[in-house]
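Here are my notes for you, written as numbered points. Keep the 3D view open and find each spot as you read.

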Amino acid sequence: MKKALLFSSLVALSLALSGCGGGSGTTASNQKEATPLSTQEYSQMYTDPTKFKGRKVDFYLKVFREPEKDEKGTYIQAWADPKSSNGNTLIAYADPNFQVKDGDYIHVVGVVRDKFTGKNAFGAEVSAPIIDAELVEKTDYITAVAPALKTISVGQEQNQKGYKVKVEKIEFAKEETRVYVTVKNESKDKINFYNHATKLVQGSTQLEPEMNFEGDYKQIQSDILPGVSSDGIIVFKAIDPKAGDIKLITDGSSDNFNMQIKPFEFNVKLQ
């Protein structure tokens with residue numbers, strides 16, 4: 001874990017908000033007219049924030065400590081790159097009623113104010129850009145970190161004596177492949193879904209499910225009582241949807257040993 005900046009920056013951020021309305025500050029009109037940072041310039045901004053003062057930002061971050069507030073606004077510290085705990089960013093937002101907490105993902109639109117320099121809990125000097133935000137909104141992991149590059153609506157359902165499995169859709173992201181599945185128990189006995197036994201096959205490649213602890217996706221329940229439906233996301237490594245059609249194989253069982261459940265196989269065309 002990177003050494004985080006102590007949030008003694010409340011005064012600096014509060015002063016930044018004081019200047020937002022006029023005088024030497026950045027007006028709302030100027031914020032809208034500011035030149036947006038290019039993709040390459042975002043990484044450069046963290047090396048030398050002062051070089052980009054007055055430039056517009058529009059990016060996603062993850063809050064990594066509880067925000068502070070005063071009568072002027074809300075002050076947030078967040079990672080621009082939460083996977084590697086990089087891109088320490090201080091955000092001043094002129095809304096003291098905005099509700100956000102440690103661990104939330106946020107979308108921020110604003111202007112680079114300046115560079116803040118301070119000391120972390122270990123006494124080392126660290127710096128971070130200060131962003132005057134005109135918009136801060138809460139979002140989710142998928143939108144912020146792993147957006148879908150392509151989505152296939154599948155809508156295929158198979159039924160074995162009341163044990164129903166439906167593949168709703170598949171999302172292909174740069175980081176992973178997400179399969180949305182719903183399992184319904186319309187039989188008279190408890191059924192079992194084997195998430196770990198699910199396979200995704202593309203050509204000669206077979207993939208096993210993976211855990212994404214950061215995404216914290218909803219999981220399909222392993223034990224499903226009669227009359228109950230359970231849905232969730234099964235995650236695999238990223239695949240290229242242009243590399244060919246795929247087959248998804250799921251498996252399970254019933255507490256009624258006279259009801260033999262065969263693996264469910266779904267053939268999904270990607271083109």
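This is a predicted model: local features need pLDDT of at least 70, side-chain atom pairs count only at pLDDT 80 or more; totals for chains, interfaces and linings use all residues.

1. Strand E11 (residues 199-202) is joined to E12 by 3 bridges, and the two run antiparallel.

2. As background, strands of a sheet pair through backbone hydrogen bonds, either parallel or antiparallel.

3. There is also an open sheet of 3 strands, in the order E13-E10-E16, and here too the pairing is antiparallel. Strand E13 (223-224) and strand E16 (252-254) are its edge strands, each pairing on one side only. Have a look at strand E10 (residues 191-193), which pairs with E16 in the antiparallel sense over 3 bridges. Within that pairing, asparagine 192 has serine 253 in E16 as its bridge partner.

4. Next, a hairpin. Strand E7 (residues 148-160) and strand E8 (residues 163-173) run antiparallel and are joined by 10 bridges. Along the way, glutamate 157 stands opposite lysine 166 in E8. The hairpin has 2 residues between the strands, and lysine 161 takes a positive phi near 55° there.

5. Is lysine 161 buried or exposed? Lysine 161 has a relative accessible area of 59%, and the cut-off for exposed is over 50%, so lysine 161 is exposed. Its positive phi of about 55° comes although lysine 161 is not a glycine.

6. Compare that with serine 85, in the loop between E3 and strand E4 (86-93). Serine 85 also isn't a glycine, yet has a positive phi of about 50°. Its relative accessibility is 10%, and buried means under 20%, so serine 85 counts as buried.

7. On to the largest pocket, which holds about 380 Å³ of space. How do you find empty space like this in the first place? Rolling a probe the size of a water molecule over the atoms shows where empty space is left. The largest pocket is lined by 16 residues, and Tyr42, Phe59, Tyr60, Ala80 and Asp81 lie nearest its centre. Helix H3 (39-47), strand E1 (56-63) and strand E3 (74-81) are the elements that give two or more residues to the lining. Which element gives the most to the lining of the largest pocket? That would be E1, with 5 residues. By class, the lining has 10 nonpolar, 2 polar and 4 charged residues.

8. Helix H3 deserves a look of its own. Its buried residues are Glu41, Tyr42 and Met45. They cover an arc of only 115° around the axis, and therefore sit on the same side of H3. The exposed residues Thr39, Gln40 and Thr47 are carried by the face of H3 turned away from its buried side.

9. Tryptophan 79 has its place in strand E3 and is buried, with a relative accessible area of 6%. Asparagine 212 and phenylalanine 236 are 24 residues apart in sequence, with 9.3 Å between them in space, C-alpha to C-alpha.

Key. Residues are numbered from 1 along each chain as its sequence is written. Side-chain values use heavy atoms; hydrogens and water are left out. On a 1 Å grid over the protein atoms alone, a cavity is a set of points where a 1.4 Å probe fits but cannot get out, and a pocket is an open set with protein on both sides within 12 Å along at least five of seven lines; lining residues have an atom within 4 Å of a point. Grid points are joined across faces, edges and corners, and a volume is the space filled by probe spheres set on the points. Helices (H or I, at least four residues) and strands (E, at least two) are DSSP runs, numbered from the N terminus. Ala, Val, Leu, Ile, Met, Phe, Trp, Tyr, Cys and Pro count as nonpolar, Asp, Glu, Lys and Arg as charged, and the others, Gly among them, as polar. Two strands pair if DSSP finds at least two bridges between them. Buried means under 20% relative accessible area, exposed over 50%, partly exposed in between (1.4 Å probe, protein chains only). The arc is that of the directions from the helix axis to the C-beta atoms.
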